Amino acid sequence: MAVVAVGLEMELSWLKVSCLLCVFGFLRELRPSEPYHAEILLGEWYNVTQDQVNRQVYPIGTYSYLALLIVVFLVTDFLRYKPLIIANALTGIVIWSVLIWTTTLLGLQVVEVFYGFYQATEVAYYSYIYAKVDKKYYPRVTSHTRAAMFVGKLVAGLSAQLLISLDWMNYKQLLYISASSQILALFWAFGLPRVERSLYFHNKLDATTAEHVVSTVGPMQLLWSHFRSAYTNPMVLQWSLWYAIGLAGYLQVTTYMQVVWKSFENEPTIVWNGGVDAALTALAALFALLAGYLHAGRLKSRTSLLSLAVLSILEGGCVLLASWTTNIYLSYLGYVLFGALYGFTITVASAELASSLIEDSFALIFGINTLVALVLQTLLTLVVVSETGGLNLTTFEQFTVYAFYFIVIGTVYFIAVIAESVLNRSNGPKTQEIEIEEAKSG
């Protein structure tokens, strides 16, 4: 009976923590102004042009995110997660409050610096749960925390579309709802349970919970051990590269897509950005679930890679549809399909990567891969978007580059997988013959 009682207590404990964190994730993503971000910045409330938003505002967020991510990751572990979750909500309040009050280009650039920190501290949300629950609950709590953010984004997109379509609010008034949801998230964050142990800087076990087991490995040695163990594994390298390349392209497309829609001559009377964002979120979540079901022991690694190569080419085709068409509704369709395909591919890549990792190194390796993705995104921004030293392309030309980025990557991976398969088959009989000869001589 005592064992059953302890088991039930543990079950309720992880579920309670998971639910508390999921509420925070939902509130954090409840930002109805996000689908109309470009509409707001290019509206009557700010003294900026479309070209300034494209080249002098959005890139600041990319550079800030890159500069802060690795520092934030280490500080998150050192401070044991909760302070950074609180800082994330505080930063959200600052961002959407400044957007309400500022009217200048400088003000918007300052917002983007804070937005980089806001994105970087998201790592605390994902890492917190791994430090609070037993490893056997990792798959379930991961799905819970991601689902909470999906639901938040879905509700935000639908509510934004409803408020705009019914003319109950203008675009800028949506900022007040976004700021309010961040205030609620802040209050909720204070109620999250404190984390006693973290993965690296506070990883020593208490003598009362572990019988005189004390870790003698320092945090930096443990970090290096996990890093070396992961990146000397060819499978981890292969899937890490795919993860980083795919994420970089996705971030670039989603960051600048609204600017493309503002460039259409036949922009509709009712702007459907909210509905499109909701549709993308719903389809991406559905495709992610589908990928998880198909991947659960059903696909070999090579088959997974081949399917991702084909889907990457299709993603490029969707970006071309979204940017080359003269019909904005076809552009919406291309963007939604792109997001759905990305939801599938990133889930497969994450699952393949996770299956090759030591459990305690999940946060570190995914953090490093995100950092690599941001380096690639920064390079794309400097080459494609930047006025100084870059190609200085128009908005539609930029998206042509992003489309072929996915197509070329998919094609290269497809050829590499096919070539590897052919080589393995041709070498297979020879290997078997050698093994037979060795067996005979033995």
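Tutor: Happy to! Let us start with a term: contact means heavy atoms within 4.5 Å. Keep in mind that this is a predicted model.

Student: Which residues does Asn-54 touch, not counting residues up to four places away in sequence?

Tutor: Asn-54 is found in helix α3. Its relative accessibility is 1%, so Asn-54 counts as buried, the cut-off being under 20%. Leaving out residues up to four places away in sequence, the residues touched by Asn-54 are Pro-59, Tyr-256, Val-259, Val-385, Thr-395 and Gln-398.

Student: Is Leu-79 buried or partly exposed?

Tutor: Leu-79 also has its place in helix α3, which covers residues 50-79. Together with Ile-70, Val-71, Leu-74, Val-75 and Phe-78, Leu-79 forms a nonpolar patch on the surface, with about 450 Å² of accessible area together. Because its relative accessible area is 38%, Leu-79 is partly exposed.

Student: Which residues is Val-253 in contact with, leaving aside its neighbours within four places in sequence?

Tutor: Once neighbours within four places in sequence are left aside, the contacts of Val-253 are Val-319, Tyr-335, Phe-338, Phe-399, Tyr-402 and Phe-406.

Student: How many residues apart in sequence are the parts that Lys-262 and Glu-39 tie together?

Tutor: The side chains of Lys-262 and Glu-39 meet in a salt bridge, at 3.3 Å from N to O. Lys-262 lies in helix α10 and Glu-39 in helix α2 (residues 37-41), so the separation in sequence of the parts they tie together is 223 residues.

Student: In the salt bridge of Arg-28 and Glu-122, which side chains meet, and at what N to O distance? Which of the two is buried?

Tutor: The side chains of Arg-28 and Glu-122 meet at 3.3 Å, N to O. This pair links helix α1 (residues 2-29) to helix α6 (residues 122-132), 94 residues apart. Glu-122 is partly exposed because its relative accessible area is 23%. With a relative accessible area of 2%, the buried one is Arg-28.

Student: Which residues are linked with Arg-28 in a network of salt bridges?

Tutor: Arg-31 forms a salt bridge with Glu-29, their closest N and O atoms being 3.5 Å apart. Linked with Arg-28 in the network are Glu-29, Arg-31, Glu-34 and Glu-122.

Notes: Residues numbered from 1 in each chain as written. Predicted model: local features only at pLDDT ≥ 70, side-chain atom pairs only at ≥ 80, totals over all residues. Heavy atoms only, no water. Patch = residues over 30% accessible without salt bridge, like charges linked within 9 Å, V, L, I, M, F, W, Y side chains within 5 Å. Areas by Shrake-Rupley, 256 points an atom, 1.4 Å probe, with all protein chains shown as cover. Salt bridge = Lys/Arg side-chain N within 4 Å of Asp/Glu carboxyl O. Helix = DSSP H or I, 4+ residues; strand = E, 2+ residues; numbered from the N terminus. Buried < 20%, exposed > 50% of the residue type's maximum accessible area, 1.4 Å probe, protein only.
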